[in-house]
Each structure stands twice: as C-alpha cells, then as structure tokens.
Amino acid sequence: MADEYGALATGFRRKRLDTIYDELCQYFKGTLGVDPSENPQSIFAVLVLSFADQIEKLWEQLEAVYYQSFPGSASGVNLDNVLQVAGFTRKERRRSRYVLACTGDDGTTIPYGSVVKSTTQPERQLQASVNQQISRQNFWQIKVRPVLTDISTSTSYTITLHQNIDSGAVGTVVQTYTKTITGCATYAAAYAAMKTAFVEAAEKIGFSVSEEATGEMDDQGQEVKLVVATGLKADDSFFADLTPNVQVEQVTSNLSYETVEYGDISLPLGTITKMVTGVNGMTAVNNAIKYSPGRQAETDSQIRERYAASIAIRGSGTIGRICASLLSDVDGCDYAEGYENPTDATDAEGRPPHSIEIVVRGGDDTAVAETIWTGKAAGIRSYGQHYAYINDSQGVQQYVQFSRIENCVLHLQIALEVDSENLDNNYVEKITSILTTLQLQAGEDVKMQQTLIPAIMQGVNGITYVDMKGLLDDLDGGSSGTYKRGTIKVGLRQQPVITNDSIEVTISG
C-alpha cells in the first residue's frame with residue numbers, strides 16, 4: 001500500500017482523509033481489537049478522525065513541496081530557486097532611464113541622487129544615477145569666447161575638438177580637429193579666427209555653429225559675441241580641449257538620470273524641466289532624447305514563459321540562441337533575425353567568411369552588442385552596418401557589429417474600378433486608414449495581391465477591381481527604380497512602412 005502513494009512514476013499521489021482514516025481503523029482493529037469506525041460517535045473514533053485530519057495536512061504539505069520543485073507549478077521564491085539551478089534568474093524591477101540635457105557652468109558636479117521633476121500631471125521625479133559633470137569633455141552645446149591676456153601683444157589659442165562615439169553606423173570614424181590660432185592682437189580678430197576654427201571643425205566632426213550676443217563691449221567698442229557649437233542630433237556628444245585663454249561661458253551635457261519610481265514611466269519630450277535639488281552652477285535641464293523604459297519585477301507567469309522559450313532554443317544553433325536572448329533579455333528589442341556565412345568567401349550580402357549578421361529593431365546598442373558577443377562562438381566574426389563597443393569578461397574592449405532595421409516608405413499607386421452607386425463617399429480615407437494600419441513584417445516581401453488588395457476589397461464598399469503598383473524606398477531614403485505590380489522585394493534590413501503621403505488613389509475609366 002505504501003508504494004501506491006507519494007512520488008510515483010506517474011506523478012505525485014496524495015493520500016486522502018478517508019483512506020488515512022480507514023487505515024488507522026484497520027490498524028487499531030488489528031492491535032487493540034477495536035474498530036473505531038463501528039461507533040463513529042465514540043470519543044475514540046473522534047480522536048482517530050482528528051489524527052487522520054492532521055496526517056492528511058502533512059500529505060498536503062508534502063504534495064505542495066513536490067510541485068514546488070517544477071517551474072510549471074512552483075511560485076515565488078520557490079520558482080526562483082528551481083530556475084536558478086538551470087542558471088535562470090528573475091528580472092528584477094528597474095527604473096526608467098533618461099538622458100537629460102543639463103546646462104550650466106563648465107565643471108559643475110551633479111551628485112548622485114540630485115532630483116529633477118517633470119511638468120506633467122502627475123509630476124514625476126528623477127534622480128541623477130551617478131556622480132557626473134557638466135563638462136567640456138562631454139558637451140552637446142558649448143558657448144565660448146576668446147580672452148586677451150595682453151592687448152598690446154598678439155595672443156595664441158589652441159582648440160582641439162572631437163566627437164565622443166561608442167556606437168553608430170559602421171564606417172563612422174572619430175574625427176579630431178586641432179588648430180592653433182596666432183596673430184590676434186584684438187578681440188575682434190581673435191573672435192573671428194575662433195569662429196572660423198569652429199566652422200571648420202563643424203564640417204569635419206558634425207555640429208552646427210552660431211553666434212550669441214552678450215550685451216558687452218570689447219576693447220574696440222564692438223559688441224562681444226559667443227561662438228555657440230551645438231550637436232546636430234539630440235544625443236550627440238563632443239569633447240573640447242581648450243587653452244586657458246578660451247573662456248567657456250556655458251556647457252550643455254547629456255547626463256544620466258533615472259526615475260525615482262520603478263516601472264515603465266514614459267514622459268513626453270521637453271517636460272522634464274524643473275530642478276528640485278539645488279546644484280550650484282546648474283541652470284537648466286530638459287529631456288530631448290527617447291528614454292529607456294524600466295519595468296516591474298518579472299511575474300511568475302512571465303518568467304515561466306521566458307524560461308520555456310529559452311528551453312525551446314537550447315538545442316538550436318548559435319543564431320537561434322542569440323535571437324531568442326535578444327528578444328527575451330534586451331528591453332525594447334522586438335525583432336531579431338540572424339544570418340550566417342559559413343563559407344570561405346564573402347557572400348552576396350557582403351558578409352565576410354565565417355561570420356554572422358544579427359538584424360535587430362529596438363534595444364540599447366550596448367545591450368544588443370553584449371548579447372551578441374556572449375552568444376556567438378569564439379572565432380566567429382559579427383557583421384553588420386552598425387557597431388558598438390563593449391567590455392568582455394576580462395575587461396577588454398571589444399568591437400561588435402550588427403544591423404538595425406530601417407523604416408523604408410512603400411509608395412503605392414492605386415487605380416480603382418468602381419460601382420459608383422454603391423461606392424463609399426469616403427473611400428479614399430477608408431483605403432488610407434486600412435493600408436496605414438496594416439502590420440507589414442520587417443525583411444519580408446510585400447505580396448500586394450495577397451495582403452493589400454484583399455484588405456481594400458473587404459473594407460470598402462463599391463470597389464469592383466483594384467490595380468496596384470508599388471515602389472519601396474532604398475535604405476538611404478531614395479526612391480530609385482520603377483513602380484511594379486505583384487510582389488515588392490524587401491531587403492532583410494528593411495521595414496516597409498505605408499504613410500498617408502505615400503498613397504495615390506485614382507478611379508480608372
């Protein structure tokens with residue numbers, strides 16, 4: 001009887017109350033000669049039933065312990081412990097991360113925990129995630145002017161500028177611009193030469209140059225102006241090495257902040273502008289860069305789903321594991337596909353011998369690169385049109401390439417044959433709405449006869465025939481080629497997108 005209960009080959013079988021009670025009654029009948037079940041109202045029978053109830057509770061606990069040993073039925077800390085055996089851990093809660101444009105004096109230190117807040121309702125507070133500086137060594141915008149140490153003699157100035165880059169398009173090179181300016185005996189001459197130097201640097205490195213009046217007068221009675229260098233993109237970062245006689249009036253640096261609360265807290269651009277913690281030297285703050293979403297702690301059901309997905313691809317190849325890890329572990333990554341060139345020659349897509357190319361959409365550059373680096377086999381090169389630097393387990397900086405999905409506009413010319421009596425009055429608006437809300441897949445050819453045209457025929461009344469031609473933009477945004485019917489070829493790095501402006505509808509006949 002004992003081997004009929006407990007952990008069996010068929011699973012766990014719990015002993016029920018009635019079985020326990022019957023066994024106890026049989027035991028007492030055999031040892032004492034008294035069967036408690038013959039007189040259920042007796043004190044003896046009640047005591048036996050009470051003991052049987054406690055034994056059943058022990059069986060219930062034993063069953064619970066048994067099922068807490070499996071990912072599909074364990075919960076809470078027990079689930080964490082079970083998955084830890086397989087090297088799997090629950091994603092902890094995390095704050096949303098923002099890069100804020102902080103403006104102030106050069107060298108201003110913003111201590112960890114300094115608080116700013118949004119203008120939204122409800123307002124949200126953010127804190128500096130590390131000790132950091134508003135600095136010329138990490139500027140998005142800088143305002144400078146020359147200083148004449150002795151107006152009776154000429155003064156020389158040395159300016160060195162370069163862009164801070166740790167990820168970007170392959171082929172991006174860190175350009176450095178250095179110039180020494182001499183022969184400037186007046187402020188006007190020094191300012192003109194300095195502005196010219198910044199304009200030359202801008203053409204080489206990639207920022208804009210403008211002027212800003214100060215309301216002051218120079219040694220010749222001319223208005224003093226500032227040279228203003230500003231990044232072309234909100235997330236640009238530049239480095240400036242300047243001689244002491246180049247005065248830095250103001251710097252804007254992109255610095256790291258995180259929300260005080262945990263979870264995905266999305267705030268509109270331009271709404272984080274209030275400073276709560278007073279920081280001497282800091283005058284303004286703003287959010288002009290897309291945030292990195294946080295999360296709440298992973299629930300039991302979420303970690304089970306992620307664990308099941310990881311188990312499903314353990315037996316697959318390198319590319320399958322990398323793509324699965326990107327989708328499950330990298331926040332914001334919603335697309336990942338991989339391609340391999342195992343041959344000894346460069347393939348048609350430009351992949352070098354013995355390399356892989358991972359194409360992704362979303363996700364932080366560094367997080368994507370780290371996942372690819374740890375997932376690929378030693379000796380296999382990563383390839384792509386994008387890159388990021390990461391540090392490996394030994395602390396050595398590594399260069400990782402991958403590709404990103406690029407949105408490419410799909411232009412459509414649609415000629416209709418219609419039943420004018422039954423045609424919807426707003427047929428153009430309906431067609432536009434239908435096509436712009438279709439979910440086209442990245443890297444997959446668009447078969448207009450199977451997807452676009454049936455959607456129009458089903459969604460708009462009075463249309464008897466649709467003749468459709470399409471043209472997909474190139475990755476660089478150009479529209480080379482001609483409109484064609486049938487299937488539109490989509491590159492593996494392209495995401496076809498239909499916009500309101502890319503649809504042209506006419507009625508033929």
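Predicted model: local features only at pLDDT ≥ 70, side-chain atom pairs only at ≥ 80, totals over all residues.
Which residues do ring pairs link into a cluster?

View 1. Tyr-5, Phe-12, Trp-59, Tyr-66, Tyr-67 and Phe-70 are joined into a cluster by ring pairs. The count of aromatic pairs comes to 14.

**View 2. The ring pair of Phe-28 and Phe-44.** The two ring centres lie 5.1 Å apart and the planes stand at 70 degrees, so the pair is edge-to-face; planes over 60 degrees apart count as such. Phe-28 belongs to helix 1 (residues 17-31) and Phe-44 to helix 2 (residues 43-67), so the pair ties together parts that are 16 residues apart in sequence. Phe-44 is partly exposed, and its relative accessible area is 28%.

**View 3. A nonpolar surface patch formed by Ile-43, Leu-47 and Phe-51.** Together these residues have about 360 Å² of accessible area. Phe-51 is located in helix 2. With a relative accessible area of 57%, Phe-51 is exposed.

**View 4. The charged end of Arg-93 over the ring of Tyr-262.** The distance from this charged end to the centre of the Tyr-262 ring is 3.7 Å.

View 5. Leu-100 is buried, its relative accessible area being 0%. Apart from residues up to four places away in sequence, Leu-100 touches Val-116, Ser-253, Asn-254, Leu-255, Tyr-257, Ile-272, Val-285, Asn-286 and Asn-287. Gly-270 is 170 residues from Leu-100 in sequence, while in space the two are 9.8 Å apart, C-alpha to C-alpha.

Notes:
Residues numbered from 1 in each chain as written. Heavy atoms only, no water. Phe/Tyr/Trp six-rings, centres within 6.5 Å; stacked < 30°, edge-to-face > 60°. Helix = DSSP H or I, 4+ residues; strand = E, 2+ residues; numbered from the N terminus. Buried < 20%, exposed > 50% of the residue type's maximum accessible area, 1.4 Å probe, protein only. Lys NZ or Arg CZ within 6 Å of the ring centre and 35° of its normal. Patch = residues over 30% accessible without salt bridge, like charges linked within 9 Å, V, L, I, M, F, W, Y side chains within 5 Å. Areas by Shrake-Rupley, 256 points an atom, 1.4 Å probe, with all protein chains shown as cover. Salt bridge = Lys/Arg side-chain N within 4 Å of Asp/Glu carboxyl O. Contact = heavy atoms within 4.5 Å.
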